[in-house]
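Here is a short briefing on one chain.

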Amino acid sequence: MRVMKFISLAVILVGISTCAVAQEAPAKTAPTVKHVPITNTASNSGKEMFNSYCAVCHGKDGKGNGPAASAMKTPPTDLTLLAQKDGGKYPAPHVSAVIRGQATTPSHGSQDMPVWGPLFSSISQGHDAQVQQRIANLVSYVESLQAK
């Protein structure tokens, strides 16, 4: 009789343990960045381009808190502090060079962060004037995000 009670208790405990393990949350996987083809956004709107191309990592406010930021190997730069980090002067030539891929940064040009110049050229069908306009408007918009 004692053996039957012991076996019954063991079966119940195994059953409860199995149910508890089955109800645990699934294992969390590391977030990843989904790479999608570039879309053609209006070249005359720096804000629209920023929201389409940059906000996913840098956030709509430019502070580096976009939805893909947690999946980045190198955290996105807080773009609102560029002038502050450069002695109070917005480094427009450097920002332009980063977008073009002519200046190095921890992320731009890596698998996580594209160099936008060649991508802008592809959607502008090689029209250099439109690429220049895209970059100038984007640089100008990032300047408008600078912390006061």
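Is Ser124 buried or exposed? Ser124 is buried, at a relative accessible area of 1% (buried means under 20%, exposed over 50%, partly exposed in between, with a 1.4 Å probe and protein chains only). The model is predicted: local features need pLDDT of at least 70, side-chain atom pairs count only at pLDDT 80 or more, and totals for chains, interfaces and linings use all residues. Residues are numbered from 1 along each chain as its sequence is written, and side-chain values use heavy atoms, leaving out hydrogens and water.

**Ser124**
- Ser124 sits in the loop between helix H5 (116-123) and helix H6 (128-144) (helices are DSSP runs of H or I, at least four residues, numbered from the N terminus).
- Leaving aside residues up to four places away in sequence, Ser124 touches Gln130, Val131 and Arg134 (heavy atoms within 4.5 Å).

**Nonpolar core**
- The largest nonpolar core has 21 residues (buried Ala, Val, Leu, Ile, Met, Phe, Trp, Tyr and Cys joined through side-chain atoms within 4.5 Å).
- H6 gives the largest share of this core, six residues.
- Phe50, Tyr53, Tyr90, Ile99, Phe120 and Leu138 have the most contacts inside the core.

**Cysteines**
- There are zero disulfides (cysteine sulfur atoms within 2.5 Å).
- The sulfur of Cys54 lies 8.7 Å from its closest cysteine sulfur, in Cys57, too far for a bond.
- Cys54 is buried at 10%, and Cys57 is buried at 5%.

Notes: Helix = DSSP H or I, 4+ residues; strand = E, 2+ residues; numbered from the N terminus.
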